[in-house]
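Colleague: Could you take one part of this model and go through it closely, saying how each term is meant as you use it?

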Amino acid sequence: MSNKSTERTPKPNRSLGRRIIISVITLIVILAVTIGFMGYHFFQKALKPLNPQDTAVKQVHIPLGASNKQIGSILQNQKIVKSGMVFDYYVKSNNMANFRAGYYQLTPAMSLKKIAVRLQQGGTDQPIQSTKGKLLVREGLNIDQIAKQVSATTDFGKADFLSLMKNKAFINQLANQYPKLLSSAMKSDGVRYRLEGYLYPATYEVKKNMSLKTLVEQMVAKTNQVMMPYYSRIKKTNITMQEFMTLASLIEREGVNQTDRRKMAGVFLNRIRINMPLQSDISVLYAIHKDNKTLTAKDLQVDSPYNLYVNAGFGPGPFDSPSISSIEAVLHPLDRSKDYLYFFANTKTQKVYYSKTYAQHQAQIEKHSANKKR
């Protein structure tokens, strides 16, 4: 009997292959579950308002014949909803249809249901130029501040408004239309805005299809209407309309009550008479493009024609839109014969003190511990 060795063919490691397959399947399952969870989380989040705190109205145009998918895409691009795809799924799963073309006023704080219901109700066939229908221009606002108000309450942008304030052709048109009001403004050198001071503080109705030019024309027309009874009287004062409105704009921000407005007008006019700088903080704030700031010694020396601390006279022009009260104050100044050249207001008591000399002025400040000098 012969001894022969029997050679066996090695068997593949079936257990290793099985483990690899199981691992791959496990990874796929985990990945699928993760994606599903993330998708579910995204979907649930997308069903909620994009930003419950953001109630700023945006105008959205839905074109005629737009599909649900297209509408969802428009809403997503306009940042009204988180996902256009989820919006499409939501309206289909809830059998919501018959969305109508038009212009809509929507906010990111609205739910998908509320947006869909609004789209079923229909929008307007033309853009709505104001989300509130009205624009309020408050007394004492300057053009930069009015631009912010226009942007906040209408569909017109701040940049567009400020661009119009620099539009020479448009301003020349207004000057030709209202020569008594704007002729001297057109001749003034170094002005920031030709229409500063001439956009009357009032509430304006902003109708649909109204252009930005029409809105501004309303403001200037209102100023002309208010000033009409005063043109001949202003002419007798021997100061130009631009200079008159400059004083009124300073009084608007300085004055506490009508009596003090008239007395302050007297102080400013007395200073003008002797070529003494008006030294108004309002002028410096305008020069440095600030609305409210505690001025430093450096601020008071800023190199600007609007800085009436270092420049005598009226400067280039108005600093804000004055009210009829301030206009009346400049027309009827009080106590000019007392030769007051200084005043300061105690901000706690709101009482204003007037002086003839700087020494008296300093004594009044020390006595009453006021923190606002003039």
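Modeller: Leu-331 counts as buried because its relative accessibility is 14%, buried meaning under 20% relative accessible area, exposed over 50% and partly exposed in between, with a 1.4 Å probe and protein chains only. The model is a predicted one, in which local features need pLDDT of at least 70 and side-chain atom pairs count only at pLDDT 80 or more, while totals for chains, interfaces and linings use all residues. Residues are numbered from 1 along each chain as its sequence is written, and side-chain values use heavy atoms, with hydrogens and water left out.

Leu-331 lies in helix α14, residues 324–331, helices being DSSP runs of H or I with at least four residues, and strands runs of E with at least two, numbered from the N terminus. Leaving aside residues up to four places away in sequence, Leu-331 touches Tyr-230, Arg-233, Ile-234 and Phe-244, where contact means heavy atoms within 4.5 Å. From C-alpha to C-alpha, Leu-331 is 8.4 Å from Thr-237, although 94 residues separate the two in sequence.

Turning to the helix pair, α11 (residues 241–254) packs against α12 (residues 258–273) at about 135°, the axes lying 10 Å apart; these axes are lines fitted to C-alpha atoms over the stretch in contact, with angles from 0 to 180 degrees between N-to-C directions. Leu-247, Leu-250, Ile-251, Glu-252 and Glu-254 of α11 meet Arg-261, Met-264, Ala-265, Phe-268 and Leu-269 of α12.

For the chain as a whole, 41% of the 374 residues are buried, and the fold contains 15 helices and six strands. Of the contacts with a separation of 6 or more, 63% join residues 24 or more positions apart.
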